[in-house]
Amino acid sequence: MRTDFENAIKVLKWFADAGVSDVSSEDALSPSIVENDVRSLEDLKRVMETVDTPLKYCAQNMVFGVGNIEAEILFLGEAPGAEEDKQGIPFVGQSGQLLDKALAAIGLDREAVYITNILPWRPPGNRTPSTQEIALFRPLVLKHISFINPRIVVCLGGTAAKALLQSSDGIMRLRGRFTSVEGIAAKILPTFHPAYLLRSPSQKREFWHDFLAIQNEIESDGIYSDCSTNVVQLS
């Protein structure tokens, strides 16, 4: 397995070979590409694979999304971790196991929901995605959500919540309240990232309250009463 140092050297070599001596930001995707060339999940996956970002040269696999493509609830994380990068599937490490338990506690599983991330590539050393990286992929994230067309989007962690809501508030202030954002029909609920709970188990109570809010929303809106289970893995 490549070390972070070897990954960094590979990225620097890639820039050097391309004649780049200074890197300050990522180029934004052309809006016309997103609007005109992305008409399906398959198109979206293809465009993500061709996005010109150094992240892909540090990662083993692109991690796209998994679950029910007609899901009423979409879970949006930050970026793949080491195990996700290895398998090419979102939330399959320890944090994913915690998410599975939370889903089971409210009567759901991965066949009923859809799971993806803000970034499809693992940042070196699991660092937090940069502002430029988030800006680069946010149009594709919005497109991803629109194809699934869920009724609820659950943002797992501050990075996902701030990226989607374009807010500077931290997760402590954002979590636990349904909100909305222009361009997304779904209700949005920010909560803690499961990886954070592994480091701060005292916050599991609040995380559980947020999942109870999801359960209440499911019951009050009749979500999943007539939902089919059209499950795919696009990774």
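Predicted model: local features only at pLDDT ≥ 70, side-chain atom pairs only at ≥ 80, totals over all residues.

Q: Fine. Which residue stands opposite Pro 190 in strand 6?
A: Cys 155 does. Strand 4, residues 152–156, pairs with strand 6 in the parallel sense, over five bridges.

Q: And how does strand 5 run against strand 6, parallel or antiparallel?
A: Antiparallel, with two bridges joining them. Strand 5 covers residues 179–181. Val 181 has Ile 184 of strand 6 as its bridge partner.

Q: What about the hairpin there, how many residues sit between the strands?
A: Two. Gly 183 in that hairpin takes a positive phi near 95 degrees.

Q: Is strand 6 largely enclosed or out in the open, and why?
A: Six of its eight residues, 184–191, are buried, so strand 6 is largely enclosed by the rest of the structure.

Q: Which residues does Arg 175 touch?
A: Beyond its neighbours within four places in sequence, Arg 175 is in contact with Pro 190, Thr 191, Phe 192, Glu 206 and Asp 210. Its side chain reaches the backbone oxygen of Glu 206 at 3.3 Å.

Q: Where is Arg 175, and is it buried or exposed?
A: Arg 175 is in the loop between helix 8 (171–174) and strand 5. Its relative accessible area is 18%, and buried means under 20%, so Arg 175 counts as buried.

Q: Buried or exposed?
A: Phe 91 is buried, at 3% relative accessibility. Asn 149 is exposed, at 53%.

Q: Now the largest pocket. How much space lies in it?
A: About 560 Å³. The lining has 25 residues, and Glu 78, Ala 79, His 193, Ala 195 and Arg 199 lie nearest the centre.

Q: What is the lining made of?
A: 10 nonpolar residues, 10 polar and five charged.

Q: Which helix supplies the largest share?
A: Helix 9, with four residues. Helices 4, 5, 7 and 9 each supply at least two.

Conventions
Residues numbered from 1 in each chain as written. Heavy atoms only, no water. 1 Å grid on protein atoms, 1.4 Å probe; cavity = no way out; pocket = protein on both sides within 12 Å on 5 of 7 lines; lining within 4 Å. Points joined across faces, edges and corners; volume = space filled by probe spheres on them. Nonpolar A, V, L, I, M, F, W, Y, C, P; charged D, E, K, R; others polar. Buried < 20%, exposed > 50% of the residue type's maximum accessible area, 1.4 Å probe, protein only. Pairing = 2+ DSSP bridges. Polar contact = N/O pair within 3.5 Å; in protein donor to acceptor, adjacent residues only side chain to side chain. Contact = heavy atoms within 4.5 Å.
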